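Student: Could you show me how to read side-chain contacts in a protein model? I'd like the general idea, then a real case.

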Amino acid sequence: MSQDLMPTAGDDLIAPLTDLPEWKRFVVAAQTCASRTDGLDLIEAPGLMLDASGQRHSPALLAAGEALLQARGFTEQRRRLLAGEAVNVTENRAAWHTVLRSPTAPAEVLAERERMDAWVRRADAERRWRHIVHVGIGGSDWGVRLAVSAFGYAGTWRDVRFVANIDGHAIEGGLAGLDPRDTLVVLVSKSFTTSETLENGARAREWLVAAGLDPADHLVAVTAQPERARAWGIPDTQIFKIWDWVGGRFSIWSAVSLTTALSVGSDVLAGLRMGAAAMDTHFAQAPLAANAPVRMALAGIVNRSVLGQGSLNIAPYDSRLANLVPYVQQLDMESLGKSVDQAGRPVGVPTGPAVWGMPGTDAQHTFFQWMHQGSDGAPVDFILCCQADHHWAAHHRQLLANCLAQREALMRGKTLAQARAECLSEGMTPEQADWLAPHRVHPGGRPNHLIALPRLSPYSLGALLALYEHRVFTQGLIWGIDPFDQWGVEYGKILARGIASALTPGAEVRPESAGHDVSTCHWIEQLRR
Ligand code: F6P
């Protein structure tokens, strides 16, 4: 192993979490405080207000959390993150997405941004590209989908299609009915090796050729590997650069968002960056007790590692934010879905939860029953926009009422005595009430955050995304894991390559000789036919 790959973060960071006296005190403080405060626990941050009243909270728990962060070297590690030092220890590189939105970004970042904006201005001026096919996956997809659906929900003059999955139906549907002469294919891949993106891109290129067009005129690439895009036949003027030190799931702040600019405008990107930059400053400067990402992280640690909650539900009460769910899912699960610390030892407590969700009120008619009365339940991040951008006030009133009502029911619960009294007040006999009341009990005390945006502006959404990024960073720091690598994803990718060649007609490789298990061999044989 190269010496370069050894952890550089210092002894504090890689000390086993469960050996720390500060951890033990944190656990005791979490176990002994009430399930929620009766008072209001509001944290004001740029672009949003965080209400943490629905989480476990006590002065002792907050003090223990602050001491734990100190024991983990929080101030120094946050400085290293924001200064672009190598915080991704297993890959020995920075995770410097914050600089992409900084008002004082380095010249090369500003220059690339200006090059992209100029390219978009020219396309707009020429009224070119009625259709955009955005080809990319994971971090090269979700952020763009999110921004386009958040701000282009009512339609844009350019029709944008997203093609991510290797499933041929995705590219077939993505291209169906488009006029190739007015179609731009945006290939986004940091590595420019991702098989889904290259295969889908190849199908799009064939489609352009079949229409008698020169693909070089219709393809744009966004990548950290410009020479690979060049070898693919894309001219330099149509290759936009991202940097190795930007993680895929943090790349929305870069030229990865070219499609967003073409669809909803470069101003939206500027607003997103401003909101995120303001959240960066808040994260860097606000005292810990009033620091929104830190407070969310501490609550997340209590819920996951002390209370054993295995999942986190994201409930945006705004249908424009449907894609926030997979966005946060990738951000959180790819970052915190690890069980060993930076020194390679088991963390010793449960780490990153499964993240899932759906916009309200759809979610209420899908899985909220389980949230209210199921045996597990899940902590919830409720997200609402105080002001809507449509003019149907009654819709918005009902939407907000539903959000507050679900949250209140989850927090407050309903006791057996209350349920029984309710049944009696509805005219049931005491026997009927005794039988039905247990079915109407809600345990309550389910932890939640309420995140209120004044309205869904690019500024607020940018701040919200940075809030989640810094929450994830802080949780990773406490657990002692590297939140910026994703080794787990790589293993499946390698196996898939071997299986794909075994499935190819006429393949000479016998599946057994490649060391697959019996069932996998059976299915390779079956599917090859
Ligand atoms: O899912 C693994 C991953 O590496 C993500 O981190 C990344 O966002 C995605 O694949 C796509 O990678 P690329 O942009 O290199 O095609």
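Tutor: Rings of Phe, Tyr and Trp pair if their centres lie within 6.5 Å. Keep in mind that this is a predicted model. Here the count comes to 14 aromatic pairs.

Student: Which residues do ring pairs link into a cluster?

Tutor: Look for Tyr317, Trp356, Phe367, Phe368, Trp370 and Phe382, which ring pairs join into a cluster. Rings can have a charge over them too: Arg127 lies over the face of Trp157, 4.0 Å from the ring centre. Likewise, the charged end of Arg78 sits over the ring of Phe283, at 5.9 Å from its centre.

Student: And how do I read salt bridges?

Tutor: Side chains of opposite charge can pair when their charged atoms come close. This model has 33 salt bridges. One of them joins Glu206 and Arg203, with their closest N and O atoms 2.9 Å apart.

Student: Where do Glu206 and Arg203 sit relative to each other?

Tutor: Both are in helix 9, three residues apart, so about one helical turn separates them. Glu206 is partly exposed at 44% relative accessibility, and Arg203 is partly exposed at 32%.

Key. Residues are numbered from 1 along each chain as its sequence is written. This is a predicted model: local features need pLDDT of at least 70, side-chain atom pairs count only at pLDDT 80 or more; totals for chains, interfaces and linings use all residues. Side-chain values use heavy atoms; hydrogens and water are left out. Rings of Phe, Tyr and Trp (its six-membered ring) pair if their centres lie within 6.5 Å; planes under 30 degrees apart count as stacked, over 60 as edge-to-face and the rest as tilted. A charge sits over a ring if NZ of Lys or CZ of Arg is within 6 Å of the ring centre and within 35 degrees of the ring normal. A salt bridge is a side-chain nitrogen of Lys or Arg within 4 Å of a carboxyl oxygen of Asp or Glu. Helices (H or I, at least four residues) and strands (E, at least two) are DSSP runs, numbered from the N terminus. Buried means under 20% relative accessible area, exposed over 50%, partly exposed in between (1.4 Å probe, protein chains only).
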